Each structure stands twice: as C-alpha cells, then as structure tokens.
Amino acid sequence: QVQLVESGGGLVQPGGSLRLSCAASGIIFSVNAMDWYRQAPGKERELVAGITRGGNTNYADSVKGRFTISRDNAKNTVYLQMNSLKPEDTAVYYCHADIVVLGKAYDYWGQGIQVTVSS
C-alpha cells in the first residue's frame, strides 16, 4: 500500500517562511511527477507547484518568486519552501504524486496539511 505523508505545516506570521515535506512510502517502483495543491475555505483546489522526476518545475502565478518546489528521488520526497508568506496563502496543502506500482501508474494524494498565515 502506498502512502503520501505530509509534514511541516502550521501557523506563521505574514512575511514568514515554512517548508512542507511529503514522503511517499510503500511498494513503489518509481515516482513520476510530484505536485503541491492547496484548497482555501470556499474555494476550489488549485495547483501550487509541480516537479517532474527530472527536475522540471512549474508554478502558479500567485506563488512565483516566493515558493520553491524540489525533490529527493532517493527518498521519494518532495518539498515546498514557502517564503514571504501572505494571508491569502492560508489553505490546506495537499501533496499529489504519480507513482508506478507493479508496472502501472496511479495517482496518490496526501491527507492534507494546514498552513495558516496570520498575525
């Protein structure tokens, strides 16, 4: 059974920083794309940042220049460094990964982690 486990969320003041981590565990052949999504109250889930296995990245316009996504393929882990946080970044953040298990690719989601930006 494959699991994605997120960590690193919490409460931070505007202008502060947080680093989210998401580790995939289980019987995994390989992990392809890994992404971070977020969902604020009353809003739809949106893509924040994504990274391919080879390291190509993409970001939502709202976080460009402030957030950095990275990964450690040896650890099947993806990170999201969030700097210059704003109140509008407050949301539940979800890790998503495209994982190959027994020769077939599946979508997996983490349980979500709260990030609150407030003074």
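Contact here means heavy atoms within 4.5 Å. The model shown in these views is predicted.

**View 1. Leu-80 and its partners in the predicted model.** Neighbours within four places in sequence are left aside.

**View 2. The largest nonpolar core.** This core holds 31 residues. Trp-36, Leu-80, Met-82 and Tyr-93 touch the most other members. Elements that give two or more residues include β3 (18-25), β4 (30-39) and β5 (46-51). β7 (67-72), β8 (77-82), β9 (91-101) and β11 (113-117) are also among them. β9 gives the most, with six residues. In soluble globular proteins, nonpolar side chains tend to be buried together.

**View 3. Glu-6, a buried acidic residue without a salt bridge.** Glu-6 lies in strand β1 (residues 3-7). Arg-45 has the nearest side chain of opposite charge, 7.9 Å away. The Glu-6 side chain instead reaches two backbone nitrogens: that of Cys-95 at 2.6 Å and that of Gln-111 at 3.1 Å. Beyond four places in sequence, contacts of Glu-6 include Ser-21, Cys-22, Trp-36 and Tyr-93. Gly-110, Gly-112 and Ile-113 are also among them.

**View 4. Positive phi at Asn-76 and Ser-84.** Most residues other than glycine have a negative phi. Asn-76 has a positive phi of about 50 degrees. Asn-76 sits in the loop between β7 and β8. Ser-84 also has a positive phi of about 50 degrees, in the loop between β8 and β9. Ser-84 counts as partly exposed because its relative accessibility is 41%.

Technical notes. Residues are numbered from 1 along each chain as its sequence is written. This is a predicted model: local features need pLDDT of at least 70, side-chain atom pairs count only at pLDDT 80 or more; totals for chains, interfaces and linings use all residues. Side-chain values use heavy atoms; hydrogens and water are left out. A nonpolar core is a set of buried Ala, Val, Leu, Ile, Met, Phe, Trp, Tyr and Cys residues joined through side-chain atoms within 4.5 Å. Buried means under 20% relative accessible area, exposed over 50%, partly exposed in between (1.4 Å probe, protein chains only). Helices (H or I, at least four residues) and strands (E, at least two) are DSSP runs, numbered from the N terminus. Lys and Arg count as positive and Asp and Glu as negative; His and the chain ends are not counted. A salt bridge is a side-chain nitrogen of Lys or Arg within 4 Å of a carboxyl oxygen of Asp or Glu. A polar contact is a pair of N or O atoms within 3.5 Å; within protein, one must be able to donate a hydrogen and the other to accept it, and residues adjacent in sequence count only if both atoms are side-chain atoms.
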